Amino acid sequence: MAAVATGNVDKLKSDVASLSQISENEKNGFINLVSRYVSGEEAQHVEWSKIQTPTDEVVVPYDGLAPTPEDPEEIKKLLDKLVVLKLNGGLGTTMGCTGPKSVIEVRNGLTFLDLIVIQIENLNNKYGSCVPLLLMNSFNTHDDTQKIVEKYSKSNVQIHTFNQSQYPRLVVEDFSPLPSKGQTGKDGWYPPGHGDVFPSLKNSGKLDLLLSQGKEYVFIANSDNLGAVVDLKILHHLIQKKNEYCMEVTPKTLADVKGGTLISYEGRVQLLEIAQVPDQHVNEFKSIEKFKIFNTNNLWVNLNAIKRLVEADALKMEIIPNPKEVDGVKVLQLETAAGATIRFFNHAIGINVPRSRFLPVKATSDLLLVQSDLYTLQDGFVTRNSARKNPENPTIELGPEFKKVGSYLSRFKSIPSILELESLKVSGDVWFGAGVVLKGKVTITAKSGVKLEIPDNAVIANKDINGPEDL
C-alpha cells in the first residue's frame, strides 16, 4: 500500500482541503496520520528478545501504595488538582440502543452517566472540592449528549463536553476521502480512536482552561467501565512521585487474552498490543504465565505534560488500520489508542490494581452481572457483594435473542440470583420467571421453534436444561 500511496498524499491533501465539514486542526491531524501510515509507521512488530518483564518500580503493586492522608483538608487539596474525563464517543448500537452508550440504564433506573455524576458529586459534597467532569464525545454522540447533560445543571459537578476529531474514511481503491465521493452523511466519517483524546483536549481549548484553574491530573476512562472510580491512593502516589502518566493494569484471566500488556523495552515502559506481536509468538502473548497483566484503559495523565507533548507533536503512537466496507466500497480508518502514548511521558508507570477497578459493560451478559445480587449500588458506586466467596465472576453466555437490551430485559421477569453461579449458557427462546436462583454450572437450551419458560422461584443447580421436562 505504502508504495502506491506516497504520490497520492498530495492529491489527498487537496481533496481534504475542500471538505468544509471539518476544522483546519482536523484536516492537519488527518493528513499527518495518513503521511505517517504511508511511510510505514503502522504498529511495528517488536523484537521479541528485547522484551523484559517490568519490575515493581515500573508496574507498582496497588497494595504497596502509601495510604491516603486522613486530613479532609489534605484530601480536598488533592481533589482540587483532579479532572475526570470519560470517553463518551461510543454508541449503544451493539446492544440495540440508539444514542450514546453511556445512557443505557445500568441499575435502579440509573444510567452510566448518572452514576458517574453521582460519584463525583458525592466527592465534591464530602470534601468541598471542585472536581469537574469532561466528556469526550464523537460526532455520533455529541448532539444527544448536549441534551442529556442539561438534566445535571443543578448538580454539584461542572460538566464540560468537547468533541474528538472527525476524520474522513479513506477509499482504498484510489486513496481519496469518502465524503468527496458524494457520501455526505455520517457514513463518510469516523472518530479516530481514543488516542485522539490528547490533541482534542488541546484543540478544544479545554486543556488551557483546566490548567488556568490549577488542575494537574486528568483521570481518563471508558464511560462503560463501572469500576473506574476516582482513587485517592493513586492520585496521591502520582503527585508524590511526579509520575506524568499512569496506566492501571490488572491480572489477566483467560477472558482477557487479547488485551494489551505493559513491557519494559529498550529502557522504557511501553504498551504491547496483539497487533505488534510476531505471528509465531501470539500464543505466548495470550498466555497468562508470561504476560500476567493487561491494560484496563484507566489512565492518569499530567495536564502540563499533555500540553508539552501535543505542542511538540511528539505523540506519535502506533497506528491501527481498521478496514471497513461502506455500501460496498472498501475503506480504511486509521486509529490510535491512548494507552500507546505511555512511552512518550517521563516517569511513566503502571499500577497493578484490583480487578474491581475493571468492570466494563460491553454486552447484555455484563449487564446481567451488574444488575444481579452479585453487586450492590451505593452512592453511585457499584460494588461486589461480599457474600460471593469466589473471587472470579461467573462466565455468562447469552444467545442472540438476548443481544439487545430491550429483548434482554423483557426475557427476565426479575434478574436471577447468581451469587453461587459458576457459569451460565443460554441458547434459544428462553424466558425467565421472577425469583429464579442459578447455582454452579447451568446450561439452558430451548429447542428450535420451542419457547422454554423457567418458572417463578425455580432453583437450578448444576443442571443442563433442554426442555420443561428437565425442570
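The second largest cavity has a volume of about 40 Å³. A cavity here is a set of points, on a 1 Å grid over the protein atoms alone, where a 1.4 Å probe fits but cannot get out; grid points are joined across faces, edges and corners, and a volume is the space filled by probe spheres set on the points. This is a predicted model, in which local features need pLDDT of at least 70 and side-chain atom pairs count only at pLDDT 80 or more, while totals for chains, interfaces and linings use all residues. Residues are numbered from 1 along each chain as its sequence is written, and side-chain values use heavy atoms, with hydrogens and water left out.

**Cavities**

- The lining of the second largest cavity (residues with an atom within 4 Å of a point) consists of Gln119, Ile120, Leu123, Val229, Val230 and Phe381.
- Five residues of this second lining are nonpolar, one is polar and none is charged; Ala, Val, Leu, Ile, Met, Phe, Trp, Tyr, Cys and Pro count as nonpolar, Asp, Glu, Lys and Arg as charged, and the others, Gly among them, as polar.
- The largest cavity is lined by Lys86, Phe112, Leu115, Ile116, Gln119, Ser223, Asn225, Leu226, Ala228 and Val229, which divide into six nonpolar, three polar and one charged.
- Helix α5 (residues 112-127) gives the most to the lining of the largest cavity, with four residues; helices are DSSP runs of H or I with at least four residues, numbered from the N terminus.
- For the second largest cavity, α5 again gives the most to the lining, with three residues.

**Aromatic rings**

- Twelve aromatic pairs are found in a search of the whole structure; rings of Phe, Tyr and Trp (its six-membered ring) pair if their centres lie within 6.5 Å, and planes under 30 degrees apart count as stacked, over 60 as edge-to-face and the rest as tilted.
- Tyr408 and Phe412 form an edge-to-face pair, because their ring centres are 5.4 Å apart and their planes stand at 65°.
- Tyr408 is buried (under 20% relative accessible area, with a 1.4 Å probe and protein chains only), at 0%, and Phe412 is buried at 6%.
- Phe402, Tyr408, Phe412 and Phe432 are linked into a cluster by ring pairs.

**Charges over rings**

- The charged end of Arg411 sits over the ring of Phe402, 5.4 Å from its centre; this requires NZ of Lys or CZ of Arg within 6 Å of the ring centre and within 35 degrees of the ring normal.
- Lys451 lies over the face of Trp431, at 5.0 Å from the ring centre.

Key:
On a 1 Å grid over the protein atoms alone, a cavity is a set of points where a 1.4 Å probe fits but cannot get out, and a pocket is an open set with protein on both sides within 12 Å along at least five of seven lines; lining residues have an atom within 4 Å of a point. Helices (H or I, at least four residues) and strands (E, at least two) are DSSP runs, numbered from the N terminus. Buried means under 20% relative accessible area, exposed over 50%, partly exposed in between (1.4 Å probe, protein chains only).
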